[in-house]
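Please look over the sequence and the model shown here.

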Amino acid sequence: MPESAVSESGKNTDFDVAVVGAGVVGLAIAWRAALRGLRVAVVDPDPGRGATYASAGMLAPVSEVTFTEEPLLRLGLESLARWPSFRTELEEASGRTVDYRTDGTLEIAYDSDDLAQLDDLAGFEETLGLRVERLTGRECRKREPMLAPSVRGGLLARDDAWVDPRLLAPALCAALARARATFVPEPALKVQSGLVRLAEGAVRAEQIVVATGARSAALLPGLPVRPIKGQILRLHGPRGFLTGCVRGWVHGVPVYLVPRENGEITVGATMEEQGFDPRVTAGGVYQLLRDARDLVPGIAELELAETRTGFRPGTPDNLPLIGATGLPGVYVATGHHRAGVLLSPITADAVAALLTGAPPPPSLAACDPARFDRGNRCE
């Protein structure tokens, strides 16, 4: 975020809305609220540097669909449909690019068992009316020549897209700066109706949105959100090494490779129930490189430029928590798990509607924060 956008004037100042947390979800909410004429403060010591910074940025509701998550699929498809206009508005408002690409996702199978699993998934996707195309191994390699000769076949999810989160977050910060939002570069210690307490001073706001991802339960005790650790790698190679997003199954284990315009390739990601364990482990790096190399042997020659961990905010049903809490004037937008970037447009529109008294999208009813225990709301 540009330093000119950072201000400490939020302390002891009245705002219409304080958004606590500046990942892509919090930033998008703050921007949409500012566009509606609200005076907005964003409270975060390091905007865009949490799970957003670690994310691969896939906008892939089709290729990530599972047999038990149809509500999440519908929400993802609705948000994906908002992405083209969201991207255009953001790039115009910020003067920055976000490297938004719409080339679809190539899902590939390494062996015959993986292919059978992919065939089952394709059948399920087709019953849902999703646009997927079955490909032979040869057709997969025609699209991506660097794939291994042993690749058995795949699917092309043409409607999937992806974006670079490390460009997206600065663009949102720049758009917020132009919308005269205030950044308060400190962690929130406590949230209560009308007040966000800091180490020194506080931010007063008529309405507050907690969007602190996996750490949301620290501000709203009892919120059913937990950290799901992910280890992720970044490789540097020549531009065009891969032309599109590749998701693969290797002996039943998923792995993805997402190329960037500058030649970087993001490889990820592990799924670990390890709490807030920040370590990059030898086993995690080995697993990712092993499986990615089986699919794309040439990555063994690329530079390993970065290893990183991130913490996805998980919920019991993998749907986000978006809506009011038991505290008057306090809302929550968290629990987006692996779909935070994908769901940021619909989440931002929904919360901005709630903040201004407008009806949110009907699909957000499934994301009611009180759905797990309607007698025990966050207080």
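Q: What makes up the lining of the largest cavity by class, in nonpolar, polar and charged residues?
A: The lining has eight nonpolar, four polar and three charged residues, where Ala, Val, Leu, Ile, Met, Phe, Trp, Tyr, Cys and Pro count as nonpolar, Asp, Glu, Lys and Arg as charged, and the others, Gly among them, as polar. This is a predicted model, in which local features need pLDDT of at least 70 and side-chain atom pairs count only at pLDDT 80 or more, while totals for chains, interfaces and linings use all residues. Residues are numbered from 1 along each chain as its sequence is written, and side-chain values use heavy atoms, with hydrogens and water left out.

Q: What makes a space count as a cavity, and how many of 30 Å³ or more are there?
A: On a 1 Å grid over the protein atoms alone, a cavity is a set of points where a 1.4 Å probe fits but cannot get out; grid points are joined across faces, edges and corners, and a volume is the space filled by probe spheres set on the points. By this rule there is one cavity of 30 Å³ or more, and the largest cavity holds about 140 Å³ of space.

Q: Which residues line the largest cavity nearest its centre, and which element gives the most to the lining?
A: Lining residues have an atom within 4 Å of a point, and 15 residues line the largest cavity, with P61, E64, E69, L72 and R338 nearest its centre. The elements that give two or more residues to this lining are α3 and α9 (340-355), and α3 gives the most, with three residues. Helices such as these are DSSP runs of H or I with at least four residues, strands are runs of E with at least two, and both are numbered from the N terminus.

Q: Why are α3 and α9 called roughly perpendicular?
A: The two helices pack at an angle of about 80°, with their axes 7 Å apart, the axes being lines fitted to C-alpha atoms, for helices over the stretch in contact, and angles running from 0 to 180 degrees between N-to-C directions. Angles under 35 degrees count as roughly parallel, over 145 as roughly antiparallel, 65 to 115 as roughly perpendicular and the rest as oblique, and α3 and α9 are therefore roughly perpendicular to each other.

Q: Which residues make the contact of α3 with α9, and what is its make-up by class?
A: With contact meaning heavy atoms within 4.5 Å, the residues involved include L72, L75 and W83 of α3 and V341, L342 and I346 of α9. By class, this contact has 10 nonpolar, three polar and three charged residues.

Q: How do you know that α1 is roughly perpendicular to α3?
A: Helix α1 (residues 24-35) and helix α3 (residues 70-94) pack at an angle of about 75°, with their axes 13 Å apart, and that angle makes α1 roughly perpendicular to α3. A28, W31 and R32 of α1 meet F86, E89, L90 and A93 of α3 in this contact, which by class has five nonpolar, no polar and two charged residues.

Q: Why is T52 called buried?
A: Buried means under 20% relative accessible area, exposed over 50% and partly exposed in between, with a 1.4 Å probe and protein chains only. T52, in helix α2 (residues 51-54), has a relative accessible area of 7% and is therefore buried. Not counting residues up to four places away in sequence, T52 touches G23, V24, P165 and A169.

Q: Is V250 buried or exposed, and what does V250 touch?
A: V250 lies in strand β13 (residues 245-250), and because its relative accessibility is 1%, V250 counts as buried. Leaving aside residues up to four places away in sequence, V250 touches Y110, D114, V255, D291, D294 and L295.

Q: Why is P71 called partly exposed?
A: P71 has a relative accessibility of 34%, so P71 counts as partly exposed; its place is in helix α3. The C-alpha atoms of P71 and D317 are separated by 9.9 Å, although these residues are 246 residues apart along the chain.

Q: What is the phi of D99, and what is the phi of R180?
A: D99 has a positive phi of about 55° although D99 is not a glycine, and R180, likewise a residue other than glycine, has a positive phi near 65°.

Key: On a 1 Å grid over the protein atoms alone, a cavity is a set of points where a 1.4 Å probe fits but cannot get out, and a pocket is an open set with protein on both sides within 12 Å along at least five of seven lines; lining residues have an atom within 4 Å of a point.
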